[in-house]
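Dear colleague,

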Amino acid sequence: MDVDTSKWSGEGTFTQTLIDRLRQIDGLALVRVEDAPASRSEADYNFMSNEVFVVFETGNREEPTRRFGLFPGTRTVAYKKMSVTELEARLAAAPDIGASDYADEGMIQYLRTERIIPPYQTRGYKLVELVRVYEAGTPRRE
């Protein structure tokens with residue numbers, strides 16, 4: 001499996017944990033991580049959003065068919081070895097990832113919050129990390 005992090009700043013501990021877990025899952029061909037444009041920072045909170053795009057491995061299988069409705073034959077059909085719902089179930093079973101906050105057939109979403117108290121400061125800030133996992137190459141829903 002290839003991992004492309006060229007468009008990711010490297011921020012987000014949960015995103016890094018998710019990438020490490022995705023490396024261990026069979027059935028993935030490519031994982032691409034990008035910073036989402038929704039990231040922002042204020043005085044008392046820091047919101048970061050990352051997007052993870054996955055490409056599933058494909059396989060070929062032979063299916064019986066009839067040509068012209070008369071002549072028997074076979075054709076080769078490509079299929080994906082995994083789906084987004086299967087990936088969500090495997091990630092939910094991992095103890096360091098857990099269940100997603102939202103999932104459907106096209107996306108998995110995780111929202112994690114953490115309170116950060118830096119040394120020598122009386123007031124900390126809240127770190128909110130949003131990670132969305134999409135299948136690459138699927139059309140946008142309107």
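Arg112 lies over the face of Phe14, 4.6 Å from the ring centre; a charge sits over a ring if NZ of Lys or CZ of Arg is within 6 Å of the ring centre and within 35 degrees of the ring normal. Please note that this is a predicted model, in which local features need pLDDT of at least 70 and side-chain atom pairs count only at pLDDT 80 or more, while totals for chains, interfaces and linings use all residues. Residues are numbered from 1 along each chain as its sequence is written, and side-chain values use heavy atoms, with hydrogens and water left out.

Rings of Phe, Tyr and Trp (its six-membered ring) pair if their centres lie within 6.5 Å; planes under 30 degrees apart count as stacked, over 60 as edge-to-face and the rest as tilted. By this rule there are 2 aromatic pairs. The rings of Phe14 and Tyr110 have centres 5.3 Å apart and planes at 55°, so this pair is tilted. Phe14 belongs to helix α1 (residues 13-22) and Tyr110 to strand β8 (residues 107-116), 96 residues apart; helices (H or I, at least four residues) and strands (E, at least two) are DSSP runs, numbered from the N terminus.

Phe53 and Tyr134 form a stacked pair, 5.6 Å centre to centre with 25° between the planes. Phe53 is in strand β4 (residues 45-56) and Tyr134 in strand β9 (residues 125-135), so the pair ties together parts 81 residues apart in sequence.

Overall, the chain has 2 helices and 9 strands, in the order β-α-β-β-β-β-β-α-β-β-β along the sequence. Its C-alpha atoms fill a box of roughly 80 × 30 × 25 Å, taken along the principal axes.

Yours sincerely
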